[in-house]
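Open the model in your viewer and keep the selection tool ready.

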Amino acid sequence: MRGQDSRSGSLFSYVDLEQRVRSDHPLRTIRALVNEALASLDGRFGEIYSEIGRPSIPPEQLLRAMLLQVFYSVRSERQLMKQLDFNLLFRWFVGLGIDDPVWDASTFSKNRDRLLDGSVAAAFLSAVLAIPRVKRLLSQDHFSVDGTLIQAWASMKSFRPRHGDTPPNPPASAEPPAGGRGGRGGRNAEADFHGERLSNDTHRSVTDPEARLYRKGRGREARLCFMGHALMENRHGLIVDGCVTEANGHAERTAALAMIEKRADRPGRITLGADKGYDAEDFVNELRSMNVTPHIARNTAKRRSAVDGRTTRHPGYAVSQRIRKRIEEGFGWGKEFGLLRRIRMRGRERVDMAFAVSAAACNLIRLPKLLAEPAVA
């Protein structure tokens, strides 16, 4: 029998949101882990919110919404609010009822910035890893570290001499530059960089002053960017720590020392795998002084490596060199799906928060399968 093409729906719905999400949906396990981690952060939330005033967006719902934005590559807060308005799966994950109003995009952004004061994103990454059934998956002895460039949300046209950060307004009769609008509030003026030497010492971006002009290697394009760093445990390749710094030639090694130092305070030795960029004598010596074995790829191009046969002769060195490359999977996922290829935030603090949320999301999408596998001795 042919069904009827009814154009008007029922006035009321008696199906709960919990019943609309299938029992084997991957987000169910992820949501349970997220809720457990958020419960452990209740005290931190209480420190950054006042006890008086109008109620704001609950920080738990803020973080769940930020995770959804990364999971589904939602490109902007405005698009995220549209999805929350009609997507029942999104409403269920965040904790909104069917009839609950959705926040304004600007309100969401301002409330999200409140989480910067308590470094909540980094604390959330640690809280997920501290869950007992997740903690047993982690290696406590073997780690890998690497860095990646995160392109800033700033045009090269905004990279101007420091003494000319605020150019005078053009006269009212001036015609707008070709391809854009003129005057205040418009796009950056057209610029010709041929023959001009650009340097972070003499120039900076007026759009994002904390971004730095940097290139990863010879022959690569120099871009305005930040540098993201991640520390991975070697058993299952989960990211256990991360941070964002200024992009410069020493940032990778400095960030690596800061991240591994938290885990080196123990009687036994631990290992740290890394690529050739970390093969520097001062860095290797600093690791050895912290009781960390440097499983670093040797750089012998017209120089002497700081890693000698005392380290490379052991079979564990070859294992670390093979496993350390898995950290690129986290960077690749973050740039392909986690909105890190060109970050849509300005300022190092906001980029650092986005990097931590992306790292937590990358772990969370892998945890349902890892938790379903038999425990590793």
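Predicted model: local features only at pLDDT ≥ 70, side-chain atom pairs only at ≥ 80, totals over all residues.

Residues are numbered from 1 along each chain as its sequence is written, and side-chain values use heavy atoms, with hydrogens and water left out.

**Whole chain.** Show everything as cartoon. The chain has 15 helices and eight strands (DSSP runs numbered from the N terminus: helices are H or I, at least four residues; strands are E, at least two). Of the 377 residues, 44% are buried (under 20% relative accessible area, with exposed meaning over 50% and partly exposed in between; 1.4 Å probe, protein chains only).

**Helix α2.** Select residues 26-40. This helix has 15 residues and reaches 22 Å from first C-alpha to last, close to the 21 Å expected at 1.5 Å a residue (1.5 Å times one less than the number of residues). Now color L27, I30, R31, L33, V34, A37 and L38: these are its buried residues. They line one face of α2, because they fall within an arc of 165° seen down the axis (taken from the directions from the axis to the C-beta atoms). On the other side, A39 and S40 are exposed. Cover for the buried residues includes α4 (59-71), α6 and α15 (348-372).

**W92.** Select helix α6, residues 88-94, and find W92 in it. W92 counts as buried because its relative accessibility is 5%. Which residues does W92 touch, not counting those up to four places away in sequence? They are L17, E18, V21, L27, R28 and R31 (contact means heavy atoms within 4.5 Å). Finish on V21: it is 71 residues from W92 in sequence, and 8.1 Å away C-alpha to C-alpha.
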